[in-house]
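I opened my notebook today to look up a few things in one protein model. Come along and check each entry against the picture.

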Amino acid sequence: MNREAQQIARAQRGFTLVELMVSLVIFSFAIAGVLSVAVAMTRAHREQRRVVQTENAVRAPLDFIVDAIRQASPGVTTGTIKDAHDCTFSSGAISFVDSEIGPDELTVVYASGGIVSTTHSAFTSTSTSITIPAAHLSQFAIGDYVLVTDTTQGTLARVSGVTSTALSIDTITCTTAFPAGGYPQGSILLRAQRARFTVGAVDGIPTLLMYPNGSSSYEPLAEGIEDMQIAVGVDSNSDGALTPASPFLTGGTTSDEWAGNVATDTLPAGTIRAVTVVLVSRDTAPLTGTASFYQPGDALNHPGSTTADRYRRRMLSTTVEIRNLAGSP
């Protein structure tokens with residue numbers, strides 16, 4: 001074989017087995033690097049989505065409760081509101097049940113839907129219906145709560161029917177819910193909601209619940225809410241300000257005008273002017289793996305846990321001033 005033929009044969013012989021194996025190893029390392037980057041990016045994206053979901057889970061219900069508190073005690077500047085069908089409800093437009101070992105409960109009477117009318121007949125403890133302008137009747141439905149007020153006191157009644165001239169109401173069982181002589185013709189009437197907010201478990205998942213209009217049946221508002229803490233501020237010395245300005249700044253002294261923010265405190269005498277709400281959301285599913293990274297923190301007077309778990313959490317708080325009470329900003 002001449003030299004030219006040898007050169008052609010050498011050029012056509014291809015890769016040796018060793019060269020091919022080395023190439024495959026190098027290619028495998030390159031692919032592994034690309035895959036590790038892709039897996040890390042996917043994991044980071046998934047974690048970011050869960051962070052956003054955890055925050056959204058607490059932000060939406062917090063806004064809902066804040067709107068209810070801001071509209072509390074509509075048309076009743078004193079906050080004195082009673083239920084014509086429930087004599088056990090006598091705590092006014094805003095009340096709360098404080099707990100230092102679990103979630104608090106909050107009850108709010110607030111305007112619902114912005115429907116305002118006037119009565120065309122007196123409303124007393126013996127009334128079975130309330131006459132209002134015919135043009136307003138279509139704004140109400142069976143099961144609605146209406147609030148009749150003379151601006152000093154308000155009484156809630158439940159609509160049982162809507163006729164062509166009046167709102168029929170459930171039988172009144174609480175005569176003490178009325179002022180002396182009842183409400184005269186021309187009193188303010190509006191649609192209202194009496195809602196109790198609490199935290200419970202639905203299918204094993206912590207959930208913020210709302211019990212509407214004194215009902216014993218709840219409506220789930222947001223899943224993943226594991227704690228709700230409430231603090232209320234009362235300007236008991238009538239100086240136009242709450243002392244301290246925030247429930248997070250208190251040391252629990254005798255001049256403290258907040259309740260629900262420190263252990264064993266009591267509600268000062270007077271009208272509630274502001275409410276602080278703290279909500280804690282928790283992932284509905286734990287992180288994968290066995291390591292525990294997260295530890296529930298303190299929420300007002302509810303101490304956090306000393307035991308870590310695998311659930312990510314987000315805590316948000318806000319303070320709301322009540323618009324409708326005398327002396328409020």
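Before I name any element, I note that helices (H or I, at least four residues) and strands (E, at least two) are DSSP runs, numbered from the N terminus. This is a predicted model, in which local features need pLDDT of at least 70 and side-chain atom pairs count only at pLDDT 80 or more, while totals for chains, interfaces and linings use all residues. Residues are numbered from 1 along each chain as its sequence is written, and side-chain values use heavy atoms, with hydrogens and water left out.

**Entry: backbone angles**

I began with a reminder to myself: most residues other than glycine have a negative phi, and most peptide bonds are trans. Then I looked up Asp203, which sits in the loop between β8 (188–202) and β9 (205–212). Its phi is near 55 degrees, a positive value in a residue other than glycine.

Is Asp203 buried or exposed? Asp203 has 79% relative accessibility, so it counts as exposed.

Next I turned to Leu300, in the loop between β13 (272–282) and β14 (313–321). Leu300 is not a glycine, yet its phi is positive, about 55 degrees. Leu300 is buried, because its relative accessible area is 17%.

Which peptide bond did I find to be cis? The bond from Thr243 to Pro244 is cis, with omega near -10 degrees. Pro244 belongs to the loop between β11 (225–234) and β12 (258–259).

**Entry: a sheet**

For pairing I noted the rule that two strands pair if DSSP finds at least two bridges between them. I then traced an open sheet of four strands in the order β12-β11-β13-β14, with antiparallel pairing. Its edge strands are β12 and β14, each of which pairs on one side only.

I walked across the sheet from β12. Two bridges hold β11 and β12 in an antiparallel pair, and Gly233 has Trp258 in β12 as its bridge partner. Between β11 and β13, also antiparallel, I found nine bridges; there Val232 is partnered by Val275 in β13. Nine bridges also link β13 and β14 in the antiparallel sense, with Val280 opposite Met315 in β14.

How many of the 11 residues of β13 are buried? I read off 10, so the strand is mostly covered.

**Entry: a disulfide**

A disulfide is a covalent bond between the sulfur atoms of two cysteines. The search counts a pair of cysteine sulfur atoms within 2.5 Å, and over the whole structure it finds one disulfide. Which cysteines does the disulfide join? They are Cys87 and Cys174, with an S to S distance of 2.2 Å. The pair links distant parts of the chain, 87 residues apart: Cys87 is in the loop between β1 (81–83) and β2 (94–97), and Cys174 is in the loop between β7 (166–169) and β8. The link of Cys87 and Cys174 is right-handed, with 120 degrees about the S-S bond.

Cys87 is partly exposed, because its relative accessible area is 45%. Cys174 has a relative accessible area of 3%, so it is buried.

Notes: Buried < 20%, exposed > 50% of the residue type's maximum accessible area, 1.4 Å probe, protein only.
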